[in-house]
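Here's a quick tour of the voids and helix packing in this model. Have the structure open while you read.

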Amino acid sequence: MKSPTAGDLEDCLLAKVHERRQQVSQIVEEVQRVVHHLTAEISHQDLRFQAVPYSDTYNGNIKVLAPSQFLVTIPVKGLAGYREAREQRWRYYTLQGTRLSCPLQDPEGLQQWLEVEQFMKSLWQWHEADVNIEGDIVPAKVLQVFRKLVENAIGTCHLSGKVSMLTHHSAVWVAVETATGQVELELVPAVEIPTAWSAKARWPPCLRRWPSRQRVECIKSFGFALLACSHYHWQLSFLQAEQVLLEQLDEDGGCRRKCLRALRQMKEDVWCPGRRPVITSHHLQTVLFWTCEKYPRQKDWRVFSKAFLRLVRKLHKCVSQHFLKHYFVRKSNLLRSANSGDLDAVAQRLALFLKNPQISPP
């Protein structure tokens, strides 16, 4: 059988990419309507949470991690004028209200505490005991409040036949029935901080040619967010900054975004399929950012086949080593909590592909 050429590989991949984009676009539209309906009711019941608007174009609150797995950030209201904490202090509390003999573990990597006093303006509701312990806004407490609001909103909005709670998670997950099948959404309350850049994100390092200094300042101007994902610590998120970086990738006429779409297609079809993939679109995006930094010149992104295989090799290295640094917070490993066996299986499939690049699995 004749081996596929580089042109064949590109044509087949990009045809599949086009088909996927149409399918995902339809799913996103359905998901958007459900999310807007639910969050409008939640905001009506508790003014600390904003409704996620419906958008005919890109919706920055909805991140497609895989065709059946979405991350939806729910902005909170009533916290403005963020500033970094002025001093460190020990915490001895628990979620149940008891006292510990030893302090809670300090946040690591992408995590941080969040004190209500870090905001120049705050609604009195953020000082209430349902979300606040000893001056800290505690993500687990916020999630407890938010989970009840979601459960109530599903009934109030008459969505019980379309939306169901997934109860085996500490976070808030719902399953949504769409025309093409079931999609799982993680609904995450988010403190958006557009006025500052996190002190933990010491980016960019010196002597980097990509992105340009002007582009860096533009990206930093979008700030960051803090997500309620764990018990005591908030998780740093740079979804908007990352999206701006993505949108401006190919102003020099390169094929970076085309390579990312093709990489995502192969990941979903061959290397890491399934409803809860160990490697998500966010991991692939991070691999692309690191590769762009290492290969900043336009000539490195002229030929699709060479650029695509370069990305695959970088992905294989990261997955094999179980190590992928977050692009902005470089002390954080995005694969730290991933299942080792799942990563090894993906690494094997990537290695097979690199030996004989083709669309279908051998």
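Predicted model: local features only at pLDDT ≥ 70, side-chain atom pairs only at ≥ 80, totals over all residues.

How many nonpolar, polar and charged residues are there in the lining of the second largest cavity? There are 8 nonpolar, 1 polar and no charged residues, where Ala, Val, Leu, Ile, Met, Phe, Trp, Tyr, Cys and Pro count as nonpolar, Asp, Glu, Lys and Arg as charged, and the others, Gly among them, as polar.

## Ground rules

Residues are numbered from 1 along each chain as its sequence is written, and side-chain values use heavy atoms, with hydrogens and water left out.

## The two cavities

The structure holds 2 cavities of 30 Å³ or more. A cavity here is a set of points, on a 1 Å grid over the protein atoms alone, where a 1.4 Å probe fits but cannot get out, and lining residues have an atom within 4 Å of a point. Volumes are the space filled by probe spheres set on the points, with grid points joined across faces, edges and corners.

The second largest cavity comes to about 40 Å³, and its lining is Val34, Val35, Leu38, Thr39, Val163, Val174, Val176, Leu185 and Leu187. Two or more of these residues come from each of α1 (6–45), β9 (172–178) and β10 (181–193), with helices (H or I, at least four residues) and strands (E, at least two) being DSSP runs numbered from the N terminus. α1 gives the most, with 4 residues.

The largest cavity has a volume of about 50 Å³. Around it sit Tyr58, Gly60, Ile62, Lys63, Leu239, Glu242, Gln243, Leu246 and Gln285. β1 (62–66) and α4 (239–247) are the elements that give two or more residues to this lining, and α4 gives the most, with 4. By class, that lining has 4 nonpolar, 3 polar and 2 charged residues.

## The pockets

Pockets are open sets of points with protein on both sides within 12 Å along at least five of seven lines. At least two lining residues come from each of β1, β2 (69–75), α2 (139–156), β12 (234–237), α4 and α6 (281–294).

Of its 27 lining residues, Val24, Val28, Tyr58, Val64 and Arg264 are the closest to its centre. α1, β1, α4, α5 (256–271) and α6 each supply at least two residues, and α1 gives the most, with 8. The lining divides into 9 nonpolar, 9 polar and 9 charged residues.

## α7 and its partners

The axes of α7 (residues 304–321) and α8 (residues 340–355) come within 9 Å and cross at roughly 150°. Axes are lines fitted to C-alpha atoms, for helices over the stretch in contact, and angles run from 0 to 180 degrees between N-to-C directions. That makes α7 roughly antiparallel to α8 (under 35 degrees counts as roughly parallel, over 145 as roughly antiparallel, 65 to 115 as roughly perpendicular and the rest as oblique). On the α7 side, the contact (heavy atoms within 4.5 Å) includes Phe308, Leu309, Val312 and Leu315, and on the α8 side it includes Leu343, Val346 and Leu350. By class, this contact has 12 nonpolar, 2 polar and 1 charged residues.

α5 packs against α7 at about 55°, with the axes 10 Å apart, which makes α5 oblique to α7. Lys258, Cys259, Leu260, Ala262, Leu263, Met266 and Trp271 in α5 meet Phe304, Ala307, Phe308, Leu311, Val312 and Leu315 in α7. The class count for this contact is 12 nonpolar, no polar and 1 charged.

## α4 against α6

The axes of α4 and α6 come within 12 Å and cross at roughly 55°, so the two helices are oblique to each other. Glu242, Leu245 and Leu246 of α4 make the contact with His282, Gln285, Leu288 and Phe289 of α6. These residues divide into 4 nonpolar, 2 polar and 1 charged.
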